[in-house]
Amino acid sequence: SVPVGFILGQFVEEQAEILTFVIDPAHQRKGWGTLLLSEFKQWLREKGCRTLTLEVSVDNQAAVNLYQKTGFVLQ
């Protein structure tokens, strides 16, 4: 099977940061981003992560919507 996306992050002690999050354009808006992000967050919780951050352009409305839908708070 071929991957539809990936997340690259760093995790140190109790803090993690998403550095890159990509879903193949052919697979966007089909729930894959939500699924991948949810699985990543669950994996981090199991490893003891307490804080997850990322940076996103406010112009990237699709990404902003996804992050808000999955519990991120914009600052």
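F6 comes out partly exposed, at 43% relative accessibility (partly exposed sits between buried, under 20% relative accessible area, and exposed, over 50%, with a 1.4 Å probe and protein chains only). Keep in mind that this is a predicted model, where local features need pLDDT of at least 70, side-chain atom pairs count only at pLDDT 80 or more, and totals for chains, interfaces and linings use all residues. Residues are numbered from 1 along each chain as its sequence is written, and side-chain values use heavy atoms, with hydrogens and water left out.

**Surface patch**
- F6 sits in strand β1 (strands are DSSP E runs of at least two residues, helices H or I runs of at least four, numbered from the N terminus).
- Together with L8, L19 and V22, F6 makes a nonpolar surface patch of about 340 Å² accessible area (Shrake-Rupley, 1.4 Å probe, only the protein chains shown counting as cover).
- Patch members have over 30% relative accessible area and no salt bridge, nonpolar side chains being joined within 5 Å and like charges within 9 Å; a salt bridge is a Lys or Arg side-chain nitrogen within 4 Å of an Asp or Glu carboxyl oxygen.
- β1 (5-12) and β2 (15-23) each give two or more residues to the patch.

**Aromatic pairs**
- Rings of Phe, Tyr and Trp (its six-membered ring) pair with centres within 6.5 Å; planes under 30 degrees apart are stacked, over 60 edge-to-face, the rest tilted.
- That gives three aromatic pairs.
- F40 and W43 are stacked, because their centres are 6.4 Å apart and their planes at 20 degrees.
- Y67 and F72 pair edge-to-face, at 5.5 Å and 70 degrees.
- Y67 is buried at 9%, and F72 is buried at 16%.
- F21, Y67 and F72 are linked into a cluster by ring pairs.
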